[in-house]
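Please keep the sequence and the model at hand while reading.

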Amino acid sequence: MQQKTRLFLQALKFSIPHLGKCMQRQQFNHCHFADHYYNRIKLKKYHLTMCLQNKPKISELASNIPSRSFSQKDLLPVKQENEKSLPENMDAFEKVRAKLETQPQEEYEIINAEIKHGGFVYYQEGCCLVRSKDEEADNDNYEVLFNLEKLKLDQPFIDCIRVAPDEKYVAAKIRTEDSEASTCVVVKLCDQPVMEASFPNVSSFEWVKDEEDEDVLFYTFQRNLRCHDVYRATFGDNKRNERFYTEKDPSFFVFLYLTKDSRFLTINIMNKTTSEVWLIDGSSPWDPPVLIQKRIHGVLYYVEHRDDELYILTNVGEPTEFKLMRTADDAPAIMNWDLFFTMKRNTKVVDLDMFKDHCVLFLKHSNLLYVNVIGLADDSVRSLKLPPWACGFIMDTSSDPKNCPFQLCSPIRPPKYYTYKFAEGKLFEETGHEDPIIKTSRVLRLEAKSKDGKLVPMTVFHKTDSEHLQKKPLLVHVYGAYGIDLKMNFRPERRILVDDGWILAYCHVRGGGELGLQWHTDGCLTKKLNGLADLEACIKTLHDQGFSQPCLTTLTAFSAGGVLAGALCNSNPELLRAVTLEAPFLDVLNTMMDTTLPLTLEELEEWGNPSSDEKHKKYIKRYCPYQNIKPQHYPSVHITAYENDERVPLKGIVNYTEKLKKAVMNHTKNTGEGYQAPNIILDIQPGGNHVIEDSQKKITAQIKFLYEELGLDSTTVFENLKKYLKF
């Protein structure tokens, strides 16, 4: 049975980097739309393999709009190599629980995604696309379907897999860490599997079957980070490949999503504030598509299907936050939408999953995670508050109508499995070994009051037995753009820092999406300075409450988060000792005035149009990091940039670095002897990717920089890094 991920909304991160189920790559903008694949953590002595649907989620849709944020990879645990076989009559949840009886937290390495279809599991083994029978997935007994080396790419990996409904073909999107370019290969499944076709620069793709049982592959073509064309192709004796749709508005992005029941293929056309969806009948793909609702400026909507009804997540109406509506699938226009469920204030819809008799909403309310289970037969609602340590969901889609599995994670704790059992109306968590980090660390939910009185949530981690927190180093995280949440997935290096006595603070400032759509609106365009005021308030509040002090405070940001980080370095450098930036967006004004860049048009509703609007131009000048560099004291800055990054051009980062160095030199000359100038380091990495989250070289360089700048002994932290990362 084909595993599918949901289409859901992380409300337009990268406007849409990386929204929901259909937006998993949330990191586009001049940075990100969500990654369309799931990665897992492999614990070297423990190896649990859970089949994740390699499909985008609703929240992913928004993510797929190009943005300046780049979705980081989700990490999931994997299966123990020497575990005993489990009884066939044991249900899926009990199997997971049995497999997780003991889970030592030791070394981690990244494992590529896999997809389960019928009785087979499809995945990457070495440099090959392979499949094995489900019950043999942990053995070396697999069938090689395609050798990735035939593409002559440098260290290729499989980004996404889709299997045709009758399992005659499998399609896989392949790319490398050094580039965002991808190739989709189609392999015919027979006694001697053979590559049937390959397509360059494919973004999203889905299979459907027509009335004559012929497999049809729909795919979108991406050029210069813009995805405007939809194609459909058939193979075998009736081979064809034709363009099916072209979006004419350059500010919109096209993404495909197959509803969980496979009833409809949806063509999602969206920018950061507006969307339009067309339906293709999953059994009659040659028929003309049906428009659900013509695009209306400011109206976003995403679609799932169940029992002849469309379930529509949309911000239409007041308040302009997401709510769930439904209508008959033969009457899809907006005038027929009936309100089905509304969210509380300050609520972010993270994802949605549809089951036979239930709809499950994954929510973030006031910086805490919840699951709402809606009974579709009686419209009952059960709201479950999740453990306070949890900071993020990892969706583990399942076609099992009885159970809803998912995982919870935090920056310092690996994912943990949970399953909601509909029949029992209860949430079950995995049993067995408890991660010791639960007892050795604390997670705090704090608030800072910004200049205008707005309360800004923060999530803080530190060791339980830490004394004199004012003397401990502090690492502050910020993003604040595209309505995208701060990434709070598990990272081994973050856990190591906490173990070594660091305080980690995640500042959920305006411009991000943690408190819903309005939270984003209040931090974009001519309200971007709200995000800067929030960040300043957060750091000052932390210091006032006894968490570290300016000489031990560091700040980290990537992509569009570089705007607020760079702005703070200009406006309040005395709050910080050191800053690390990765692929940072630092020259907002010049970038947004250059319409030849691939993502400038998509970014106008986030930053404004300084070319045609003088008000926008003057406002951007007030906070743009590059424009506001001046001779003054600065914190030390370490910048990681990528040579061929298309989202944040290297030229802007180099110009920023040179200007900053000149300002530092001038200030040093005017200050006199005894002044210790900050270090300004630009580390240019090869390749054309935007952010390489798991780069060990980058992680090592950043941690080394922070320890040296704060004058800390790094012996222990690097010994621990060797245990967690492959050196």
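Of the 11 residues of helix α7, 10 are buried, so α7 is largely enclosed by the rest of the structure. Here, buried means under 20% relative accessible area, exposed means over 50%, and partly exposed lies in between, with a 1.4 Å probe and protein chains only. The buried residues of α7 are Gly561, Gly562, Val563, Leu564, Ala565, Gly566, Ala567, Leu568, Cys569 and Asn570. Helices (H or I, at least four residues) and strands (E, at least two) are DSSP runs, numbered from the N terminus.

The model is predicted: local features need pLDDT of at least 70 and side-chain atom pairs count only at pLDDT 80 or more, while totals for chains, interfaces and linings use all residues. Residues are numbered from 1 along each chain as its sequence is written, and side-chain values use heavy atoms, with hydrogens and water left out.

**The chain as a whole**

The secondary structure of the chain comprises 13 helices and 38 strands. The chain has 727 residues, of which 64% are buried. Its accessible surface comes to about 26,700 Å², and carbon and sulfur atoms account for 47% of that area. Accessible areas come from the Shrake-Rupley method with a 1.4 Å probe; for residues, only the protein chains shown count as cover.

**Helix α11**

Helix α11 covers residues 650-671, which makes 22 residues. From first C-alpha to last it reaches 31 Å, close to the 32 Å expected at 1.5 Å a residue; the expected span is 1.5 Å times one less than the number of residues. In α11, the residues Leu650, Gly652, Ile653, Tyr656, Thr657, Leu660, Ala663, Val664 and His667 are buried. They cover an arc of only 155° around the axis, which puts them on the same side of α11; the arc is that of the directions from the helix axis to the C-beta atoms. On the other side of α11, Lys651, Lys662, Lys669 and Asn670 are exposed. The cover over the buried residues of α11 includes α7 (561-571), β37 (636-642) and β38 (680-685), where contact means heavy atoms within 4.5 Å. Glycine 672 follows α11 and has a positive phi, near 100°.

All eight of the eight residues of strand β25 (residues 368-375) are buried, so β25 is largely enclosed by the rest of the structure. In a regular strand the side chains alternate between the two faces of the sheet. Leu368, Tyr370, Asn372 and Ile374 point one way from β25, whereas Leu369, Val371, Val373 and Gly375 point the other way.

Strand β24 (residues 358-365) runs antiparallel to β25, and β25 also pairs in the antiparallel sense with strand β26 (residues 381-385). Two strands pair if DSSP finds at least two bridges between them. β24 and β25 form a hairpin with two residues between them, and serine 366 in that turn has a positive phi of about 50°. β25 and β26 form a hairpin with five residues between them, and aspartate 379 in that turn has a positive phi of about 60°. The bridge partner of lysine 364 is leucine 369 in β25, and the bridge partner of valine 373 is arginine 382 in β26.

| Strand pair | Bridges |
|---|---|
| β24 and β25 | eight bridges |
| β25 and β26 | five bridges |
| β20 and β21 | six bridges |
| β15 and β16 | six bridges |

Proline 319 lies in the loop between β20 and β21. Proline 319 is exposed, with a relative accessible area of 53%. Proline 319 and arginine 345 are 26 residues apart in sequence and 9.0 Å apart in space, C-alpha to C-alpha.

Another open sheet of four strands has the order β15-β16-β17-β18, with antiparallel pairing. Its edge strands, β15 (253-258) and β18 (290-293), each pair on one side only. The twist averages 25° from one strand to the next. Phenylalanine 253 has methionine 270 of β16 as its bridge partner.

Notes
Axes fitted to C-alpha atoms, helices over the stretch in contact; angles between N-to-C directions.
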